Structures are given as C-alpha cells and as structure tokens.
Amino acid sequence: MDYGLLKKYTRNMVVLFVEDDTDFRKEFTELLQDIFPKVETAVDGMDALNKYKEYFKETNSYYDLVISDIKMPNFDGIELVDSMYKIKKDQKVVILSARNEFKYLLPLVNLGIHQFFTKPIDYSTFLDDMFKLCNEIYHNNKNEDTNIVRINETLIWDKDKNKLIENDKIIELTKNEIRFVKTILNNNGKICTVDELINTIWFEEFDLNPDITHLKSLIYRLRKKVPGLHIKNIYGLGYTAEY
C-alpha cells in the first residue's frame with residue numbers, strides 16, 4: 001500500500017466513527033486519525049444519527065465515510081444505517097462486528113453496506129481495504145461525469161451505455177455478464193447478495209432454476225475475460241467489486 005497516495009485520497013475527507021465501547025473507541029479513533037484529517041465520534045446509534053443530521057445543517061454536506069459498530073444502545077447499527085440511507089441513499093458505510101454478530105450482517109448487506117470488518121481488527125487488512133475504498137471515494141468525488149465508474153487507470157464502466165471499456169476499447173460481454181457488472185458497479189460499491197444477483201441476472205429465464213453454481217460459473221468466466229475487474233467474494237453474504 002502506498003501510504004502517501006492514501007493521504008492524498010483522504011486529505012479532504014471527514015469520517016464519523018460510531019462505537020459504544022469507550023476503550024476501543026479511543027484506540028480506534030487514534031488509528032483513524034493517522035488516515036483521515038478529521039474524525040468525529042459518536043457513542044451510540046442515536047448520538048450518531050443526531051451528529052449526522054447536525055453535520056449536514058452546519059456544512060450542507062454529508063460525511064465522506066461512516067464507520068460503525070453493530071450492537072449499541074439506544075439505536076443499533078442496523079437502525080442507524082437504515083436511517084442514514086433514508087437521508088442519503090449512497091452514503092458510504094463500513095461496519096465493525098464481533099465474530100458472534102454474524103447474524104446481524106445479512107440485514108445490513110440487504111440495506112447496502114460497503115464493507116465490514118470482524119473484531120479484533122486486523123489493522124494491516126483494514127488499511128489495505130481503506131486504501132481501496134478511499135481511492136473509490138476520491139475518484140467519485142473528482143469525476144464530474146457521475147455516469148462513469150472508474151475501476152482503474154485503464155478500465156471504466158459507462159452506466160448510460162452499459163459498456164465496460166478498457167483502453168478506449170469496448171469489452172464484449174454477454175447479456176448475463178452485463179447484468180452482473182451493472183448490478184455490482186451501479187450499486188455504489190455496496191455488497192450484493194447471491195439471491196439479488198441471481199434474481200437480477202436470470203429473471204427472464206423461466207425454464208431455468210439458477211443457483212449459486214450458475215453464478216460462480218459466470219463470475220469465473222468474467223474474471224478470465226476482464227482480469228482488471230476485481231470481484232470480491234464476501235463469504236456467506238455476497239459479492240462486491242473492488243476499485
């Protein structure tokens with residue numbers, strides 16, 4: 001990871017960190033302050049929602065990133081994310097969860113979280129994933145054409161034309177591959193569940209009973225066809241694209 005490039009991506013970002021555990025909040029805030037120039041904290045979901053609304057009133061903008069625990073008093077992570085998405089549907093959200101909180105993740109995936117990390121946090125993995133996410137936020141903020149998703153320096157997705165373009169050359173995709181790419185790239189980097197992908201890709205094929213095997217085969221072919229499109233499997237939850 002290029003730490004200097006990470007600082008370039010994050011130099012104008014403001015982050016809200018939500019955590020009810022005092023010691024972990026203090027420890028993790030210090031880590032975040034090494035990455036982001038401004039980190040605000042909240043002690044539970046209700047406190048976070050109030051600060052989220054207040055920040056918009058003061059700045060006429062939203063936090064670039066919200067990082068939140070799941071199990072909290074007064075308003076848990078699910079309620080918080082649901083409330084924020086009703087205010088700003090494309091809010092970038094990262095969830096921190098204990099290993100025994102896996103059952104809470106599926107509702108959050110259905111709501112549309114962008115990433116989650118299991119406590120205790122592996123800081124090396126966290127920094128690598130933050131680099132990718134901040135790269136995405138930076139280029140989305142910089143790109144004036146919101147209909148273009150820049151995956152890397154040579155590969156883009158044109159939302160209007162449903163075209164994957166590498167070095168100004170259109171990559172020929174099948175109908176189902178286009179539906180898959182469209183779903184994961186038009187979804188603002190959120191995790192897409194297996195059921196969501198299957199229902200979207202094969203919704204017209206009434207004589208077929210598609211399952212995870214069909215989806216894995218499609219992803220295998222797509223990875224070979226477009227190596228620059230990094231499709232990440234979130235175990236037990238679904239898929240997302242890293243860019």
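**View 1. Three strands form an open sheet in the order E10-E12-E11, with antiparallel pairing.** Strands E10 (192-193) and E11 (230-234) are the edge strands, and each pairs on one side only. Strands here are DSSP runs of E with at least two residues, helices are runs of H or I with at least four, and both are numbered from the N terminus. Two strands pair if DSSP finds at least two bridges between them. E10 and strand E12 (residues 238-242) are joined in the antiparallel sense over 2 bridges. Cys192 has Tyr239 of E12 as its bridge partner.

The model is predicted: local features need pLDDT of at least 70, side-chain atom pairs count only at pLDDT 80 or more, and totals for chains, interfaces and linings use all residues. Residues are numbered from 1 along each chain as its sequence is written, and side-chain values use heavy atoms, with hydrogens and water left out.

**View 2. An open sheet of 4 strands runs in the order E6-E7-E8-E9, with antiparallel pairing.** Strand E6 (148-150) and strand E9 (169-170) stand at the edges. Each has a single partner strand, so one side of each lacks a neighbour in the sheet. Strand E8 (residues 163-166) pairs with E9 in the antiparallel sense over 2 bridges. Here Glu166 stands opposite Lys169 in E9. Helix H7 (residues 175-185) lies across E6, strand E7 (155-158) and E8. H7 runs at about 95 degrees to E7. Axes are lines fitted to C-alpha atoms, for helices over the stretch in contact, and angles run from 0 to 180 degrees between N-to-C directions.

**View 3. Helix H7 packs against helix H8 (residues 194-201).** The angle is about 135 degrees, and the axes are 9 Å apart. The two helices, H7 and H8, are therefore oblique to each other. Angles under 35 degrees count as roughly parallel, over 145 as roughly antiparallel, 65 to 115 as roughly perpendicular and the rest as oblique. From H7, the contact is made by Asn176, Arg179, Phe180, Thr183 and Ile184. From H8 come Glu196, Leu197, Thr200 and Ile201. Contact means heavy atoms within 4.5 Å. By class, the contact of H7 with H8 has 4 nonpolar, 3 polar and 2 charged residues. Ala, Val, Leu, Ile, Met, Phe, Trp, Tyr, Cys and Pro count as nonpolar, Asp, Glu, Lys and Arg as charged, and the others, Gly among them, as polar.

**View 4. Helix H8 also packs with helix H9 (residues 212-225), at an angle of about 80 degrees.** Their axes are 10 Å apart. H8 and H9 are therefore roughly perpendicular to each other. Val194, Leu197, Ile198 and Ile201 in H8 meet Ile212, Leu215 and Leu218 in H9. This contact of H8 with H9 has 7 nonpolar, no polar and no charged residues.

**View 5. Phe28 and Phe126 form an edge-to-face pair.** The structure holds 12 aromatic pairs. In this one, the ring centres are 5.1 Å apart and the planes are at 70 degrees. Rings of Phe, Tyr and Trp (its six-membered ring) pair if their centres lie within 6.5 Å; planes under 30 degrees apart count as stacked, over 60 as edge-to-face and the rest as tilted. Phe28 lies in helix H2 (residues 22-33) and Phe126 in helix H6 (residues 123-142), so the pair ties together parts 98 residues apart in sequence.

View 6. Pro120 is found in the loop between strand E5 (115-119) and H6. Asn60 lies in the loop between helix H3 (45-59) and strand E3 (65-69). Most residues other than glycine have a negative phi, and most peptide bonds are trans.
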